[in-house]
Structure formats: structure tokens, C-alpha cells
Amino acid sequence: MEEIPYTATARPDTGVYNAKLGTWLFLASEVMLFGALFSSYILLRVGAAEWPHGADILSVPIGTFNTLVLIASSVTMVMSWASLKMNDFRKYKIFMGLTILLALVFLVVKTFEYNDKFSHHLFPGTSTFLAIYFTLTGLHALHIIGGVIVNSYFWGPGRRMWKTEPERFTNRVEVAGLYWHFVDLVWIFLFPVLYLL
Amino acid sequence: MKSETAEDIKKHVRVYVAVFVALAALTLITVGASTLQVSTGVHIAIALLIAAVKGSLVASYFMHLISEKKVIFGVLIFTVFFFAGLLFLPVSDLSLHSSMKNVP
């Protein structure tokens, strides 16, 4: 079977390994996906006769806590990659494990938030604000779940590659990190837009 | 990103911790700023400005854009161009419609 080229070394014409360029192209498409929804938010808000203040419907302390959790998970993610670069696999396991744990904390808190809204009969169909809130945060949560699946694979069975192809494994963790930081970046804008404005 | 030694990465780790502290502080500043008695427009400007600074920190340091290759910036220039179009074209259309309200 033919080997996949440039998984560990940089391709001469691009200067980066293939997975990195591919991941950035994927992230470009993700920017357009969330961009379309942010654009919808602006249109809905500008076109609405009245728009509620996010803090009157959503819990700012809970949103702030979740923002800090996601920022912390971004740090642990980049630290897991840095640990591999420093040849410290034990630390990689700890930091990647923490990243997954923090992502799960984010999801659990989000579930409580959703349950609280539903228990107060606040559903996506209740108002335009809630419709865009559930759409944006729901799509973001799906991205978190996707990240947890990928990171869990690299923490669990996928880690075997470290023994045979350490460079390639380190690159895999780096591109998984690019995706994870993007998910964090989206939340950095979602939090003030939905909770504070 | 350039190929770096373990010693270089150790230096980066200190930067990552500093960025984390900055991001956490900016999050709390965003929440504090939202309680200021200013107009909605000023609130939006402050919140988006802080979010842009936080986003830049994440992209520059955690996503290594500060030391990335030209080809990645090539992808990003196209992305920024189309993203801006996606955000501003509908808004300009909306302002056009609102200015036409008084047209008989």
C-alpha cells in the first residue's frame, strides 16, 4: 500500500505538512458556517422591533464560568502538544486528559443551562432571540462533542502511533489543537454576543 | 511553524501561561464592561473589541499564527475576505431597504 505523503515532514512547495494545510482549509469552511449564522443574528437583531438583553434571559455567571473552562481547555490542549515536542509522553497524557475533562465540564454546564431554559418553558420557538441562541450554542456544542471524540481517540487507542511514528503523532495532535482552538475562538465571540449585549 | 527544539518549546510554555492569564482577565473585563451605563452601540463596540483582542491572542499563540508559513496566511486572506462579505453584504442590503421606506 502506498504511504500518505508529507505526514511528518513539510511539503517543499507549501512549507507545511499536508494535514496542517488541510485543517486550515477545513477551518476556513467552518468560518463561513459560523459567519453565516452570525450574519443571520445581525439581520434578525437589526430587523427586530425589540431585542431582549441577553443577561435578562441567560445566566452571565454560568456563561462566564464556561468561557473560563473553555479557555483553560485551550491552554491544556496546546500544553499537550508542547509536551510531545519536549518528548514527555506522561505529561501529554495528563494535559490531553485535562482537555477532555474540561470539555465535558463545558457540556455538562451547557446541559444544565438548556434544562433550566426548558423548565421555564423557554424553547427555540418561544422567541427569535432563543431561536438564534439555541441554534448558535447547539451547533457550537456539536463541535465540542466532535472535539471530545477526536481528542479521546488521541488520548486512547490513537496514542499507539507515538511509539512507531512520533513526529506524525505530534502533528496529529497539533492539527486537533487547531480545531480545538477554533472552537474556543468561536465561543469567545458567542459569549458576549448572546449573554452580554 | 518553524521546526523548534525542546528548549524553544519550554520558552513557549511560559507564553502560553501568560496568554491564559490575559484571556481570563479579558473575560472578566468583558463582563465588568457590560454593566457600564453607556449606550447599546458603545456596549457592542467594547465587547467586540475585547473579543477581537482575545481571538487574536488565541490565533497568534495557541494556533501558532505568529510563526506560520505564507501558504496558511494565503488561505486566511481569502477567508477574511469572504467572511467580511458574508457579514456586511446583508447589512448593507438592510440599510438600503430602510432608506427606501420613504420612497413612494
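A residue is regarded as buried if 20 or more other C-beta atoms lie within 10 Å of its own, and as exposed if 12 or fewer do. In the predicted model examined here, this criterion picks out nine positions that can be listed for helix 5 of chain A: A:Phe129, A:Ile132, A:Tyr133, A:Leu136, A:Thr137, A:Ile144, A:Gly147, A:Asn151 and A:Phe154 are buried. The cover over these residues includes helix 1, helix 2 (54-57), helix 4 and helix 7 of chain A. Helix 5 of chain A consists of 28 residues, and the distance from its first C-alpha to its last is 40 Å, close to the 40 Å expected at 1.5 Å a residue.

Chain A as a whole contains seven helices and zero strands, and the order of its elements from the N terminus is therefore α-α-α-α-α-α-α. Along the principal axes, its C-alpha atoms fill a box of roughly 60 × 35 × 25 Å. Of its 197 residues, 36% are buried. When contacts between residues at least 6 apart in sequence are considered, 74% of those in chain A join residues at least 24 apart. Chain B has three helices and zero strands, arranged as α-α-α from the N terminus. Buried residues account for 14% of the 104 residues of chain B.

The buried residues of helix 1 of chain A are A:Lys20, A:Leu21, A:Thr23, A:Trp24, A:Leu27, A:Phe34 and A:Phe38.

The two chains meet through 39 residues of chain A and 36 residues of chain B. On the side of chain A that touches chain B, the elements giving two or more residues are helix 1, helix 3 and helix 7 of chain A. Helix 1 of chain A gives the most, with 14 residues. By class, this side of chain A comprises 27 nonpolar, 10 polar and two charged residues.

The largest nonpolar core has 59 residues, of which A:Val78, A:Tyr179, A:Phe182, A:Val183, A:Val186 and A:Trp187 touch the most other members. At least two residues of this core come from each of helix 1 (18-47), helix 3 (60-85), helix 4 (89-119), helix 5 (128-155) and helix 7 (166-196) of chain A, and from each of helix 1 (6-33) and helix 2 (40-62) of chain B. Helix 7 of chain A gives the most to this core, with 18 residues. Apart from residues up to four places away in sequence, A:Trp187 touches A:Thr67, A:Leu70 and A:His140.

Because 12 other C-beta atoms lie within 10 Å of its own, A:Asn87 is exposed. B:His64 counts as buried, because it has 21 C-beta neighbours inside 10 Å.

Terms used: Residues numbered from 1 in each chain as written. Chains lettered and ligands numbered in written order. Predicted model: local features only at pLDDT ≥ 70, side-chain atom pairs only at ≥ 80, totals over all residues. Core = buried A, V, L, I, M, F, W, Y, C linked by C-beta atoms within 7 Å. Helix = DSSP H or I, 4+ residues; strand = E, 2+ residues; numbered from the N terminus. Contact = placed C-beta atoms within 7 Å. Nonpolar A, V, L, I, M, F, W, Y, C, P; charged D, E, K, R; others polar. Expected span 1.5 Å × (residues − 1).
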